[in-house]
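Here's a quick briefing to read alongside the model. Have the sequence and the structure open as you go through the points.

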Amino acid sequence: MKTLSIWQVFTDPILRAPTFGAMFMCLASSLIGVIAFVRRRSLLGEALSHATYPGVVIGILFAALFFNPSHPLAAFSILIGAFIFSWLGLISIEKLEGRLRLHPDATLCLVLSLFLGLGVTLASRVQMTHPLWYQQIQVFLFGQAVTMGDQHIGIYASLALAILAFIVLRFRQIELIHFDREFTQSLGIPMRMCHLFTSFLLILALVIGIRSVGVVLMSGMLIAPAAFARQCTDRLGKMFLIAGLIGSLSGFLGVYLSVQIPLFIDHHHPPSLPTGPMILLVATTFTFLALLFSPKRGWLSRVMRIRRFRMQQQMDHLLKALWKQGNLSFIELKKEIGLSRFSFSYLLFLLRKEGWTEGKAQILLTPDGKRRGARLVRLHRLWELYLTSELKVEEDRVHCSAEEMEHILTPEIEERLTRLLKDPKEDPHRQPIPTREEI
Amino acid sequence: MTKALVVKKLTVSYDHSSALWDIDFAIGSGQIVGVVGPNGAGKSTLIKALLGIVKPISGQAQFFDSAFKKVKERVAYVPQKGVIDWEFPTTVFDVVLMGRYCRLGVLKWYRKSDREMALRLLRLLQMEDLKDRQISELSGGQQQRLFIARALMQEADLLFLDEPFTGVDKATEALIMEILVKLKEEGKTIVMVHHDLNTVEAYFDSLIILKTSLIACGKTADVFNSDNLNRAYGEKGALFDEALRLSLSKSTGLK
């Protein structure tokens, strides 16, 4: 077997079912995951996916009575078992939180371990009584898409599309209810039905998903695409769209890599690689990258913005020094700021490039640079005056605050300060404030 | 003249902290009505019970001589600022449009007219250039104006506001009051929970003074006096309040 092309994954008679299956599953779970994410109930999925496990075991026991392991109805019986137990999990969570007043955190923890424990106990019994079927139960723990056949795809595809349809048709209601509960109630919209239906779909998505991602990892598949999407947009509609795309892409790449990587390692005897963890690794990698590099909220862009602001401050500092003392030589100006020769030269280069200064050995302000310097000094002194005269801060403590504010104050705030202080001419240290004509 | 709101024998228990006991009052239309009282007097609970957010133990409310369910399109509500998740992925424009939810068709697609109206209201509240902001990027005053805009989108005849002026600057407060007065002149009725007693006489035509039970309801000039305020804010009433709270916690099995 040689390496696969991407196209082959969709057409190959053995691989096409797992590929489409994983993609539909991931689509469904990432869409529902967006709702769990914006409700800040990410862990609910974790508890409910673990709650499916005893259902899987019982479903298999039921199937063992009537079918052989490869019968399509066997898969159906497992799905129904998983669904019922996950729903029981949801009911126990609601009762524990509501009637018995247990804290949500503790409730989820309790339900998760209770149901998983029950499942494991049942499974160890099945290992002895139905060794043939035990293999199937293990599959659901960590997921194994590769063993899916064409007959499964119909079931999974229709369930995933049902979820998609619900979200498209009920989008406004979902947005409204999860954003502002009280306002929704004041509109007289029945909350109970929508919540019930959302829970129904959440469990449905989990049940579809455990076949390829597994009970243990399923909740990651709910949240990772949603977290990715939140980094990219501030609107719920786009979040659904992006999460759905990233989810499906992770599903596809997960299957593709779990086939490709073993082939790459050993061409003749490829080791087996579970699909579930691979799908999840892909999805969380996407999320992690988005957390680092998304344009608006990512870590990198925040660091860049901080750097740019600091650089701006340093440039402004030099402009002020030049404005106060006329022209300065390279050496004199460098004393003004504690920087390495290299960074200092770079700052000077920027100042020249932006058109504030001219000259390399002897540095002069351009007319534009003079106006900017005057503006900075004006803001600095206005702010000092405001602090001392209006807020009664002591004179020797206002300099630091003004050093910062001179870079921040907008023309509107300057206008308001000017009006409040009645267009002053002198700052608290009896230094002249540059007039508005100078800037 | 039909009354905008008639409340009969309303009793509510809520969160085991603020409760209402046997409330009766009526509000005529075309005025601004204040609801005042000390903390925990049940001011917010009153509005929530009227709008069906909290289920009352007994009693009933009539809006324009009908039950709330029948005239819910004519009633709008501005909740307290604290109750929503400000990090929710939604923009200013989206939130304002939510006010039109009940008027939309089955698929709830916004029409051009809805968008025009939303823009008009944002302009009225001086927020036009903020329309694509995520809502957590707004200041306190802007957040409040946003929810006023959403309520105005509903074009209701009866408007409930729950402490709209907490954490809001003076300029916004004046702007909101100006808009409310204009609404009143169009014949609409405004009911507002309020906590600043200094502005009561300037803002309200009528006043409801609450402290678990109804202390007074009537024209501001008639009921806003030291006698009623003492009964609401003074020590005497506290005893009744405490006993009632104790009785509620007993009956729900907490103690």
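This is a predicted model: local features need pLDDT of at least 70, side-chain atom pairs count only at pLDDT 80 or more; totals for chains, interfaces and linings use all residues.

Where the two chains meet, 20 residues of chain B are in contact with 19 residues of chain A.

**Domains of chain A**
- Chain A splits into three pieces: domain 1 covers 14-295, domain 2 covers 301-365 and domain 3 covers 370-438.
- Going by C-alpha atoms, the centres of domain 1 and domain 3 of chain A are 59 Å apart.

**A spot in chain A: A:Val393**
- You'll find A:Val393 in the loop that links α17 (367-390) with α18 (399-405) in chain A.
- A:Val393 counts as partly exposed because it has 15 C-beta neighbours inside 10 Å, and a residue needs 20 or more to be called buried.
- Setting aside neighbours within four places in sequence, A:Val393 has contacts with A:Leu387, A:Thr388 and A:Val398.

**A spot in chain B: B:Glu87**
- B:Glu87 sits in a loop too, the one running between β5 (75-78) and α3 (92-97) of chain B.
- With 13 other C-beta atoms within 10 Å, B:Glu87 comes out as partly exposed, since the exposed class takes 12 or fewer.
- How far apart are B:Glu87 and B:Gln31 in space, C-alpha to C-alpha? The gap is 36 Å, for a pair that lies 56 residues apart in sequence.

Notes: Residues are numbered from 1 along each chain as its sequence is written. Chains are lettered from A and ligands numbered from 1 in the order in which they are written. Helices (H or I, at least four residues) and strands (E, at least two) are DSSP runs, numbered from the N terminus. Two residues are in contact if their C-beta atoms, placed from the backbone, lie within 7 Å. Domain bounds come from an automatic or database domain assignment.
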